[in-house]
Amino acid sequence: MELSRRTLLGGFAAVAGGTLVGCSSGMDTGSTTKKNTTTELTMWCWPGGLGKSVLDDTIAHFPDPKIKYSEIGGDFKQKLVTTFNGGTGIPDITGIKGEDIASLLPQASRFVDLKSVGADSVLGDYLEWKVNQATTLDGKVIGLPIDVGPTGLFYREDIFAAAGLPSDPAKVADQLKTWDDYFAAGVQLKAKNPKALLVWDATDLYDMVVGQGTERYISKDNKFIGDQDHIRKAWDTSVKAMTLKIDGKTPSGSPDWNAGLDQGTIPTHIGAAWVALDIKSAVKTSAGKWRLAPTPSGPANFGGSFLAITKNAADPQKAFDVIKYMLSADNEAKAFTDAQIFPSAPAAYDKPELKAADKFFGGQVPIDVFGPAAKSIPVAYQSPYDDSVAAPFHDELKTVQTGSKTSDAAWASAVSKAKAIAKRQGVQ
Amino acid sequence: MTSTATVSAAATEPLAGRGQRPRRGIWSYWRFYLALSPFYVLFAVFGLYPMVSTIVLAFQRWDGLSARRFTGLDNFAFLIQDPTFWTALENTVVLFFMSTVPTLVLALLLAVMLQSAVRFTNVYRIAYFIPNVTSLVAMAIFFSSIFSTNFGLVNAALRSLGIPQQDWLGQPWGIKIAISTMIVWQWVGYNTLIYLAGLQAIPKDQYEAAKVDGAGAVRTFFSITLPQLRPVVLFTVIMSTIGGLQTFTEPQVMVGNSGGTGQSGMTVVLFFYRAAFLDNDYGYAAAIALSIFVLVLLFTAINWRIFRGRGEDR
């Protein structure tokens with residue numbers, strides 16, 4: 001009896017000890033990277049991240065080792081980070097969302113530098129600014145771009161025409177060249193049609209203007225520059241829309257936004273190419289009345305993702321062959337037909353899949369607007385802490401929008417909050 | 001009596017025979033500990049370990065992937081001077097009062113009404129409980145369309161009454177009303193059922209005695225029902241405190257991660273979520289989590305003192 005009790009306790013101790021060891025090795029920061037086996041090539045992406053026909057074709061094209069694809073729902077980055085910390089089950093190939101790439105660049109040691117497996121030969125096929133997003137300051141490339149999110153101006157042709165504004169896409173492009181032109185059109189529209197407010201949400205617009213610049217909140221040498229003119233200009237542009245009273249205060253994706261698009265109270269939206277899907281699914285009666293024009297004051301990018309190879313990959317060369325194949329211009333054009341995944345390789349823009357006219361946009365060819373936009377998106381350095389530092393600017397801009405603070409007071413408060421956050425993250 | 005004596009005699013005899021042991025060692029109960037162990041093992045893995053590591057993490061800097069760095073009280077120092085934390089704290093407390101008080105009052109009224117209802121009592125019980133088991137995210141989306149400015153149900157009702165429409169999810173107070181309405185809607189049924197169980201435990205003869213003495217319904221409620229329900233009320237208040245101070249899903253789905261206009265929907269847990277999963281500042285998030293723990297402890301202690309009552313105070 002005594003013996004068995006001791007054995008039992010010993011067993012418990014062993015289990016407990018094993019658990020502790022397991023946990024502590026998990027907390028180790030990647031020093032214990034266990035190579036995956038060569039029998040399978042595991043690949044992770046989020047739902048809708050890759051075109052279905054492209055995926056099926058790629059799996060058939062590479063029978064050895066067999067590609068095992070897993071669709072990971074929910075908070076993708078969180079699950080990837082947790083798996084990295086766990087140390088087991090790390091995929092060979094993983095998707096990385098555009099909004100997460102900046103914060104993963106400091107972790108470049110967990111990914112294969114694609115240049116070391118021969119990426120130099122294909123990097124030139126992709127939009128340069130997009131490749132730059134996945135390039136570390138010392139020149140490592142950790143991801144090959146899947147797609148990009150160039151912005152355009154979506155507008156209701158019928159409502160523009162009724163208000164005496166130009167309605168033909170070419171004429172809209174001619175007249176609405178800058179934000180001032182756009183706002184002037186908004187004032188004219190409101191005079192004729194008081195319910196139609198040109199700016200769906202001025203705080204959303206702020207992000208567009210920041211995205212049009214070549215600098216963001218933190219400079220390459222890790223200095224806070226969010227209090228400088230380029231941010232203040234975006235701030236003032238957004239505030240101007242509010243003071244002109246053409247701000248609809250309706251965040252995109254909200255129920256009011258969905259209803260407003262169809263009812264004509266939200267006659268325009270400026271957003272990435274993928275917003276077309278949202279608008280299409282939101283409206284019932286206004287299909288065919290929508291048109292596309294270039295973004296006033298130039299394009300910006302929203303969204304767009306990457307495929308990366310982790311250091312755990314047993315055969316990085318093979319993994320690279322797979323992603324190179326998947327993201328060829330031909331396959332990117334197919335993915336666009338599959339799920340509106342907007343290609344990151346400019347050669348795809350000339351493929352018939354993208355040259356198709358879109359009935360929803362009255363027979364307009366969307367690529368004529370988004371293609372040139374994608375090629376001329378300004379390059380801005382995005383720090384890993386960019387999003388955290390940007391948050392106070394959004395928060396404070398909302399207080400100006402509701403009239404509870406003046407623009408100057410809100411600006412001062414946003415800058416001081418952002419500085420505190422930046423300082424905490426080690427930004428000078 | 002005799003059987004007990006026999007058993008205890010039989011149990012002590014062999015021990016006495018062996019002589020020296022005054023009582024049975026703790027290890028001789030190993031079968032019982034083994035039977036209980038699944039709970040403790042699960043608790044250690046899923047409860048204790050995360051708790052301890054959160055406390056450790058609160059004294060470190062960690063971005064989720066790189067090496068952890070011990071920074072002492074840095075996280076707490078930053079927490080105290082972070083204006084967003086104080087906004088979140090204030091919002092949480094305000095939302096707690098705006099949702100808990102109406103919830104419990106409504107639940108008590110409903111429970112008393114249900115107690116006296118004769119027909120379809122079970123139907124009502126199920127109906128009241130349904131909100132509690134409905135998916136919170138789905139309901140938050142539903143409520144945000146009810147409260148939306150131009151095409152929402154609430155504003156449609158206001159317009160038909162000739163009252164100007166309100167920008168519910170764009171105004172600081174509107175956000176709080178919308179969030180607390182949803183919390184009330186969700187938790188009234190749950191608390192009603194608990195009160196109903198409490199009501200059924202009150203002896204019928206007390207009510208009969210009150211009736212004989214000529215007490216009316218109101219007098220009976222305040223002199224018999226409410227005092228007898230005191231322990232149940234304490235339970236619901238503490239449960240609501242713990243739940244209410246952890247409000248997260250409702251504001252996150254209704255006004256987003258920023259907490260909406262002027263951060264008026266930013267609760268402490270939402271702030272925690274933002275620090276950990278959006279800013280990748282896990283150490284700071286752990287410090288915020290500890291502040292929630294302290295807050296819950298504080299409020300529970302206050303409620304305990306208020307609702308415990310004089311009878312059990314000794």
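Buried area is the accessible area, taken with a 1.4 Å probe, that two parts lose on being put together, summed over both. In this predicted model, chain A and chain B bury about 3200 Å² between them, with 56% of that area on carbon and sulfur atoms.

**Contact between the chains**

- Chain A gives 36 residues to the contact, and chain B gives 40 residues.
- There are 16 residue pairs in polar contact between chain A and chain B, counting pairs in which both residues are at pLDDT 80 or more.
- The two chains are also joined by 2 salt bridges, including one in which the side chains of R424(A) and D281(B) meet at 2.8 Å, N to O.

**The chain A side**

- Two or more residues each come from helix 1 (2-27), helix 3 (76-86), helix 4 (98-104), helix 12 (255-263), helix 18 (386-401) and helix 19 (407-424) of chain A.
- Helix 1 of chain A supplies the largest share of this side, 6 residues.
- By class, the side of chain A that touches chain B has 14 nonpolar, 12 polar and 10 charged residues.

**A helix pair within chain A**

- The axes of helix 2 (residues 52-61) and helix 15 (residues 329-339) of chain A come within 7 Å and cross at roughly 135 degrees, which means that helix 2 of chain A is oblique to helix 15 of chain A.
- Helix 2 of chain A makes this contact through K52(A), S53(A), V54(A) and D57(A), while helix 15 of chain A uses N331(A), K334(A), A335(A) and D338(A).
- The residues of this helix contact divide into 2 nonpolar, 2 polar and 4 charged.

Terms used:
Residues numbered from 1 in each chain as written. Chains lettered and ligands numbered in written order. Predicted model: local features only at pLDDT ≥ 70, side-chain atom pairs only at ≥ 80, totals over all residues. Heavy atoms only, no water. Contact = heavy atoms within 4.5 Å. Salt bridge = Lys/Arg side-chain N within 4 Å of Asp/Glu carboxyl O. Polar contact = N/O pair within 3.5 Å; in protein donor to acceptor, adjacent residues only side chain to side chain. Helix = DSSP H or I, 4+ residues; strand = E, 2+ residues; numbered from the N terminus. Nonpolar A, V, L, I, M, F, W, Y, C, P; charged D, E, K, R; others polar. Axes fitted to C-alpha atoms, helices over the stretch in contact; angles between N-to-C directions. Parallel < 35°, antiparallel > 145°, perpendicular 65-115°, else oblique.
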